[in-house]
Amino acid sequence: MIYPYIPHTDADRRAMLKAIGVESIDDLFSGLGADLLLEDSVPISHGRTEDEVQRMIDSIAQRNVRGIPFLGCGCYDHITPATVRALSSLPSFVTAYTPYQAEMSQGLLQAIYEFQSMICEITGLDVANASLYDGANAAVEAASLMLAAKRKSRVVLVSETIHPFALKVLNTWALGTEHSITLIPQLDGTADLEKLESMLGDEVAGLIVQTPNRYGLLEDYTSVAERLHANGSLLTISADPLSLAIQKSPAEWGADIAIGDTQALGLPLAFGGPSCGYMAVSQALLRRIPGRVVGATVDSQGRRGYTLTLQAREQHIKRERATSNICSNQALAALMTTIHLSSLGWGGMVEAAQQSYAKAHYLAYHLAQLPGVTLVWDKPFWCEFPLVFSDAKRMRKFLQELRNEGIFAGVRLSSLTRKSADELVLLVAVTEKRSREELELYLAAARRVLK
Amino acid sequence: MSEPLLIDLSKPGRKAYCYPPLDLPRGFDQALPELPPELQRQTAARLPEVAELDVVRHFTRLSSLVHGVDNGMYPLGSCTMKYNPKLGEHIAAMDQFTQIHPLQDISTVQGCLSVMYNLLEDLSSITGMSWGSLQPCAGAHGEYTGLKMIRSYFLKRGETERVKVLIPVSAHGTNPASAAVVGFDVVEVKSNKEGLVDVEDLASKLDHTVAALMLTNPNTLGLFETDILKISEMVHKAGGLLYYDGANMNAIMGMATPGDMGFDVIHLNLHKTFSTPHGGGGPGSGPVMVNDRLRPFLPKPDIELTDSGYVYRWDDEDSIGKVSMFWGNFLVILRAYVYILRMGSEGIKAASRHAVLNANYLASKLGQRISIPYGKLCMHEFVASASALKQQYGVTAQDVAKALIDEGYHPPTVYFPLIVDEALMFEPTESESVESLDRFIEAFLRILDLAKDDPKILKDAPHHCPVGRLDEVRAVKEPDLRY
C-alpha cells in the first residue's frame, strides 16, 4: 500500500520489522492496550490526490471575496517588493527549525541578527529579540516584563486607546492572576495622560500606550516617560513600525520598551496571520527580554559567527522561572520583514510612510466635505482615520454601496469593541498602495451615497 | 565562507526598490497639513542601501548556510521534523487567501472560515475531543491557553485553592513555564525506573490544591504511559483536570486518542504533527482542543455554522477571551488542512505507524552500540545516552552531535530530557526511507568508532562548516546583538 509522503514499500516494512524483531507494526503499539486502541478509522474523509485537493481548495477559495481594501485596524495592505516572497520561500529557510545547532544554521542566525538590528534602528532602542507571536502578545510580554522589573508591583496601566483586540488579549492574560490592568481613559480620541499623576503608586509597574492608536490618531507623550520614571515605573510604546519612519520613535519619547507588529513591513494580509510581533528594550532590560535572542561571537579560530544567546532567561533552561514561556516564534515572518526592509532601505520606508500619510489625508479631506459624516476629532493622524456617521442606516448603506463597487470602505469599530457606543465609527485606512483611481472611485461612490 | 552584513554593503543613494510617484492633484500636497513638529522623528534609522541583486544574493547565500528538512535528515527529537509537502506551500501562496483582510465583512470570508471550521472538525475527530480554538500561534501558546481555561474553570466553580499544576520531570520546558505565566505553582512528579510517571509519587501529591496534571503521552522518552487510564482516574477523583501536551501526537494519530485517555484539554502543534513547515523557528500553530467540560471556556470568537453560513460567536460568557490579535496563524492552519485532506483517515494513521516503525528500526540498530536506558520498544522517538562514551573516551553528547553535522545530518535533540545523562533524543519521523535511515546509522557508527580511535576529531567537530564551535561564554558576557 502506498501512502502520500511515506516512502516505505512492503519489502521495506518486512525487512524493518524483522530487524526490530517483531511480527507486525501492531506489535509496536501493544503498550496502548485494548482499551485505548481504536477499532475503527478516525471519522475524517479518505485521502485525496494532489489534483483533487487543489480542486477542492480552489472551490473553497472562491467563497472568499476580494475588494479594494481600505481596511486597517492592525493589518494593512502595503506594497511589498517581489524579493520578499521569492527569498523567504527558499526551502532551507522554510524547512529548518529554531537554530539550536549554530554551525549549520549560520544563515538563519545572521538573518535574525539583521532583523534585531533593524528593529533597534527603527525604534531607537538598544536590544531587540527574534520576534513574538503578534502585536497583542507583544503587549502581554511587555506587561510581564514591566511587572518583573519592579519589585512588589502588580498593576499595569493601559491606555483605553490601544487596539481593542490587544486590550482583549491583555485582559485574558490578567484573568485569574494577581496582576491587574487599570485603564487610562481617553479624551477626544487620545489617551488622557493628564490623569497619569493621580494613578501612579508603588504598585504600578508601568504604562502601555499605542500610537497611532485604535482610531489611527497620533498621540503626544511629552514628559510621560519622566513622570513614570520618577515613580520607578516603565513606559511601553506600541507602534506600527512603518509609522516610525515619520513619527517620533519610542526612544525619542524616552520609552523603555517598544512593541508592535511588523505586518506593515512585508507581510500579506493573510486573514490576519501569520504576522510578527516585535519587542525592543533599553540596555537596562537586556536580561529580562523574552524569547530568542541572537548574538555575534567567534569560534576557536577567531572567525565571526552567530548563536542563540542569553539562554539562561528561557524556558528550556529556567523552566518555571523563565522570563516567558515562548519557544517557537514567528521566525519566517521576521525574515520576510528583514528582506522587505533590506529592499526598501530607510528612504523607501520614509517614502511609503509619507505617501500613506498624504493619501489618507487626501481621502479624509474630501470625505469631510460630505453631509452626514464627520472627522470627529481634529487631531493628527497617519494612514487611518475615524469617520463618524450621523446614523446607523446611512452607515450601512454606505458600506453596502461601496461594496457593490468592489470597495471595502472601512472597519466598523463596533465589530472590534462590541460596544454600541462605537456603532457609528468607521475606521478608514489608506496606504501608499491605493492608487489615485482607487481613491477617486471611493470618493465618487461616497458622494453618490452621501448626497 | 562568510557572508557580510547587508548594511556593510550599503552605498548611499543605491536603491533596491522604487515607489510610484505620488499622484495627488496638483496643489493638494501644498494643502497637506504638516505633521506637528513635536511628533516628528528626528533621527534616521540605518538600513541597507543596496541594489535588488545585492538583496537577492545576500539572502540566497544565507539560505545556503542553513540546513532544513529539504536539505537532509533532521531527527530532532520532540520536534517532528517531517517532510513539508510542496502542495501546502503552493496553496498557502494563493492570492485568494493571502489577500484577504481579517476584518472583512463575514460574508466575504466564508472560504477562510470554512477551512478553519472543517479543520476543527477533523482535529476533534483525530483527538477525540469536542471542539477547539485555532487562535494559539505555537505549542507554548496553546499550553498557556489551555491552562488559562483550567484556571477559569476552577475560579468559576469557586475552587480558588487549586493553585498547583503537577508536571513530570521529563516534561518539555514550556510546560512549567506556561503554568507559571498563568499563575500556577509548579510541582514536579517523579519518574519511575521504567521512565514513566511514578504513580505512587503522583498519588502523594494529589489533593484539593491540585488544578491539573500536564502530561505528554507518549512521553519525552518516547514511551507510552501505560497507566494512563489509572492516572486520569486518580486525577479526576481528586477533582483535578488533565492537560495533554500534543508535541508527541505524531506517535498515535488514528491509533488512539487523548480523549479516550481521559484528557480534558490538549494542544496540538500543527507544525509538527500536521506537517506545516517550521520556518526557522516559526510561525507554528498550537490549537487547543477540549472536552465538553471545558468547551464554554474556549477563546472567543468561536466559529459556528448557521443556515446563512459561518458566523463568529462572541457571546460565550465563560470564555477566557482572545489570545491572539486576530484569528490565529491562518496560512499555517490552511497548510495543515491541506495535509489532512491529502492524507485522509488511512494516511494519518499510516503516518503514525511508520513514524513508530522508523523510530524502532533506528533504535534497534543504534541500540546495539549505544545505551538506550529506557524501554525495549519505543513509540515515535527514543533517547540514547552518551554517558559511557563520556566515561571511556571523554566524548560527550555534544561532541557526537557536532560530528553528525560533519556527516551532513542535523543532530538529535541533546541534553533533554533531563532524566537521561548525556541525552541524545532521536525522532526520525515517517518521512525517511529505510535507505536514508541506513546511511544515518552508518554515519553514527563511524562516529562511535572515532570516539574510540580518535576522540580529538570529535572534540573539534564540526570541521566542514563556515564556523566551528562558537564561544558561547563570550556571546553572553559581551553581548553583540545588533549592528
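**Close-ups of a two-chain model**

S131(A) counts as buried because 33 C-beta neighbours sit inside 10 Å; the label "buried" needs 20 or more other C-beta atoms within 10 Å of a residue's own, "exposed" means 12 or fewer, "partly exposed" is in between, and C-beta atoms are placed from the backbone. This is a predicted model, where local features need pLDDT of at least 70, side-chain atom pairs count only at pLDDT 80 or more, and totals for chains, interfaces and linings use all residues. Residues are numbered from 1 along each chain as its sequence is written, while chains are lettered from A and ligands numbered from 1 in the order in which they are written.

**View 1. S131(A) and its positive phi.** Though not a glycine, S131(A) has a phi of about 135°. Look for S131(A) in the loop between β2 (127-128) and α7 (135-149) of chain A. Helices (H or I, at least four residues) and strands (E, at least two) are DSSP runs, numbered from the N terminus. Most residues other than glycine have a negative phi, and most peptide bonds are trans.

**View 2. K152(A), another non-glycine with positive phi.** Here phi is about 65° for K152(A). The loop holding K152(A) runs between α7 and β3 (155-159) of chain A. K152(A) is exposed, as 8 other C-beta atoms lie within 10 Å.

**View 3. A cis peptide bond between K300(B) and P301(B).** Omega is about -10° at this bond. P301(B) belongs to the loop between β7 (288-290) and β8 (302-306) of chain B.

**View 4. A cis peptide bond from A461(B) to P462(B).** Omega is near 0° here. P462(B) sits in the loop between α15 (455-459) and α16 (472-477) of chain B.

**View 5. Where domain 1 of chain A touches domain 2 of chain A.** Domain 1 of chain A covers 68-76 + 345-449 and domain 2 covers 82-340, with bounds from an automatic or database domain assignment. In this view, 22 residues of domain 1 of chain A are in contact with 22 residues of domain 2 of chain A; contact means C-beta atoms, placed from the backbone, within 7 Å. On the domain 1 side, α12(A) gives the largest share, six residues.

**View 6. The contact of chain A with chain B.** Chain A brings 167 residues and chain B brings 171 residues. Helix α12 (residues 331-367) of chain A gives the most to the chain A side, with 20 residues.

Technical notes: Contact = placed C-beta atoms within 7 Å.
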